[in-house]
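Visitor: I have a structure to look at, and I want to know what the labels rest on. Can you take me through it?

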Amino acid sequence: MNLDNNIGFIGLGNVGFNIANRILKDNYNLFINDLDPLKGKKLISNGAIWCDDYERISEKSSIIITCLPSPKIVKNVIEGKNGLINYINKDHLWIEMSTTDENEMKRLSKLLEIKKAQVLESPITGGQHRAESGNISILVSGKRKNFDRAFRLLSTIGHEILYCGNIGNASTLKVVTNFLASTNLVSLGEALMVCKK
């Protein structure tokens with residue numbers, strides 16, 4: 001049995017739910033958790049298994065994905081009371097898919113590597129609709145062997161996968177893409193206003 005068919009997923013917001021659903025549709029065994037159990041209801045009806053805590057997620061999964069709203073929440077999931085850091089070990093690969101802080105990602109990755117776990121930083125770009133269709137872009141940083149281990153799973157989640165080298169690079173690139181998207185949106189608004197006038 002390929003243990004990497006067992007995927008833990010923490011964070012079932014608009015984007016996270018759609019990513020988790022893509023994984024489930026590709027016949028992985030999916031173990032899910034969120035602060036709001038109702039967010040997992042549809043996934044459970046399609047075959048996902050709810051886990052009440054991070055200990056059970058760690059027991060059932062070899063790859064654990066987090067997709068969370070902020071660096072503070074990522075920190076709480078990893079280091080908080082009964083956080084993942086208490087249960088993760090050398091058999092685990094943690095894939096962090098939130099938009100987080102470069103320095104914080106480096107710090108957390110070092111803590112998990114002390115536990116002999118593998119780490120990938122993999123923020124996504126493209127929005128909820130592209131996450132739903134599997135056409136999202138994924139920026140990936142970490143050791144190449146970890147990237148190779150995760151590639152099949154990442155290919156299920158997204159269409160364009162860019163390997164960015166060392167931990168921290170993907171977070172920086174994600175912030176830059178957000179900046180570019182915001183700048184283009186403002187420019188478009190100004191151009192339309194000129195047309196209106």
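Predicted model: local features only at pLDDT ≥ 70, side-chain atom pairs only at ≥ 80, totals over all residues.

Visitor: What lines the largest pocket?

Guide: The lining has 34 residues. Nearest the centre are G11, G13, C67, L68 and P69. Four elements, α1 (14–25), α4, β7 and α8, each give two or more residues to this lining.

Visitor: How many residues of each class are in the lining of the largest pocket?

Guide: The lining has 13 nonpolar, 14 polar and seven charged residues. Gly counts as polar here.

Visitor: Let us turn to α1. How do you know that the span of α1 is close to the expected one?

Guide: α1 has 12 residues and reaches 17 Å from its first C-alpha to its last. At 1.5 Å a residue, 16 Å is expected. The two values are close.

Visitor: Which residues of α1 are buried?

Guide: They are G16, F17, N18, I19, A20, N21, I23 and L24. Just after α1 comes N27, with a positive phi of about 70 degrees.

Visitor: What about α8? What span does α8 have, and what is expected?

Guide: Helix α8 covers residues 169–196, which is 28 residues. Its C-alpha span, first to last, is 41 Å. The expected value is 40 Å, so the span is again called close.

Visitor: What do the buried residues of α8 pack against?

Guide: They pack against α5, β6, β7 (124–125) and β8 (136–142). A170, S171 and K174 are buried in α8.

Visitor: T172 is in helix α8 too. Why is T172 called partly exposed?

Guide: Its relative accessibility is 36%. Buried means under 20%, and exposed means over 50%. The value for T172 falls in between, so T172 counts as partly exposed.

Visitor: What lies 3.2 Å from a polar atom of the T172 side chain?

Guide: The backbone oxygen of G168 does. The cut-off for a polar contact is 3.5 Å. D101 is 71 residues away along the chain, yet the two C-alpha atoms are separated by 7.9 Å.

Visitor: Now N33, in strand β2 (residues 29–33). Why is N33 called buried?

Guide: The relative accessible area of N33 is 6%. The limit for buried is under 20%. N33 is therefore buried.

Visitor: What does the side chain of N33 reach at 2.8 Å?

Guide: It reaches the backbone oxygen of C51. Beyond four places in sequence, N33 also touches F9, I10, G11, L12, W50, D52, D53, Y54 and I57, along with C51 itself.

Visitor: Where is A48, and why is A48 called buried?

Guide: A48 sits in the loop between α2 (41–45) and β3 (49–50). Its relative accessible area is 6%, under the 20% limit, so A48 is buried. A48 touches L24, L30, I32 and L43, with residues up to four places away left out. From A48 to N89 the C-alpha distance is 23 Å, and the two are 41 residues apart in sequence.

Visitor: What makes E96 count as buried?

Guide: The relative accessibility of E96 is 0%, so E96 is buried. E96 is in strand β5. Its contacts, beyond four places in sequence, are T66, V74, M105, L120, E121, S122 and P123.

Visitor: And S62? Is S62 buried or exposed?

Guide: Buried, because its relative accessible area is 7%. S62 lies in the loop between α3 (54–60) and β4 (63–66).

Visitor: What joins the side chains of S62 and D4?

Guide: A polar contact of 2.6 Å joins them.

Visitor: Last, N82 and K116. What is the phi of each?

Guide: N82 has a positive phi of about 60 degrees, and N82 is not a glycine. K116, also a residue other than glycine, has a positive phi near 75 degrees.

Visitor: How do you know that K116 is exposed?

Guide: K116 has 59% relative accessibility, over the 50% limit, so K116 counts as exposed. N82 has 45%, so N82 counts as partly exposed. K116 is in the loop between α5 (102–114) and β6 (118–121). N82 is in the loop between α4 (71–79) and β5 (93–96).

Terms used
Residues numbered from 1 in each chain as written. Heavy atoms only, no water. Buried < 20%, exposed > 50% of the residue type's maximum accessible area, 1.4 Å probe, protein only. Contact = heavy atoms within 4.5 Å. 1 Å grid on protein atoms, 1.4 Å probe; cavity = no way out; pocket = protein on both sides within 12 Å on 5 of 7 lines; lining within 4 Å. Polar contact = N/O pair within 3.5 Å; in protein donor to acceptor, adjacent residues only side chain to side chain.
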